[in-house]
Amino acid sequence: MRHKKVVLAHIEKLAAEMGAAEPELLAHQLALLIDGAIVAAMVSRNPGVADTAGLAAGSLFGPSKVKKPKRAGNASAQLMAV
């Protein structure tokens, strides 16, 4: 369980750095998608579900959900890579 908390904290940190309006909420949403994609891939034996989860994750990055960035950086690219 500790590993899960570390991953969630890292996702939240990246979300905050990219200027997410609610970094904690976004981190939980992304973690849920990650967990679901892993389970779906294991059950279906289809690694392509990761692509579908990636598309769903992209919808969480709408302009209304992101604050103006405080500093330049590549946190958004790092977050998308998670």
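**Basis.** I note that this is a predicted model, in which local features need pLDDT of at least 70 and side-chain atom pairs count only at pLDDT 80 or more, whereas totals for chains, interfaces and linings use all residues. Residues are numbered from 1 along each chain as its sequence is written, and side-chain values use heavy atoms, with hydrogens and water left out.

**Whole chain.** I looked up the secondary structure and found 4 helices and 0 strands in the protein chain, in the order α-α-α-α from the N terminus. Helices (H or I, at least four residues) and strands (E, at least two) are DSSP runs, numbered from the N terminus. Of the 82 residues in the protein chain, 23% are buried; buried means under 20% relative accessible area, exposed over 50%, and partly exposed in between (1.4 Å probe, protein chains only). I then looked at contacts, meaning heavy atoms within 4.5 Å. Among contacts in the protein chain with a separation of 6 or more, 62% join residues 24 or more positions apart. The protein chain exposes about 5800 Å², with 63% of this supplied by carbon and sulfur atoms; the areas come from the Shrake-Rupley method with a 1.4 Å probe, and for residues only the protein chains shown count as cover.

**Core.** Which residues make up the largest nonpolar core? I listed 10 residues in all: Ile-11, Ala-15, Met-18, Ala-20, Leu-26, Ala-27, Leu-30, Ala-57, Leu-60 and Phe-61. The elements giving two or more residues to this core are α1 and α2, and α2 has the largest share, 3 residues. Such a core is a set of buried Ala, Val, Leu, Ile, Met, Phe, Trp, Tyr and Cys residues joined through side-chain atoms within 4.5 Å. I also checked Ala-57, which is in contact with Leu-30 and Leu-33, leaving aside neighbours within four places in sequence.

I next examined the second largest pocket, which has a volume of about 150 Å³. It has 10 lining residues, and those closest to its centre are Lys-4, Val-7, Ala-31, Ile-34 and Asp-35. Two or more lining residues come from each of α1 (2-17) and α2 (23-44), and α2 gives the most, with 5 residues. On a 1 Å grid over the protein atoms alone, a pocket is an open set of points where a 1.4 Å probe fits, with protein on both sides within 12 Å along at least five of seven lines, and lining residues have an atom within 4 Å of a point. Grid points are joined across faces, edges and corners, and the volume is the space filled by probe spheres set on the points.

**Single residues.** I found Gly-36 in helix α2, where it counts as partly exposed because its relative accessibility is 37%. Ile-38 is also placed in helix α2, and its relative accessible area of 46% makes it partly exposed. I took C-alpha distances to Val-49 for both: Gly-36 is 9.2 Å away and 13 residues apart in sequence, while Ile-38 is 8.3 Å away and 11 residues apart.

Is Arg-45 buried or exposed? I recorded Arg-45 as exposed because its relative accessible area is 76%. Arg-45 lies in the loop between α2 and α3 (49-58), and its phi is near 60 degrees, a positive value in a residue other than glycine.
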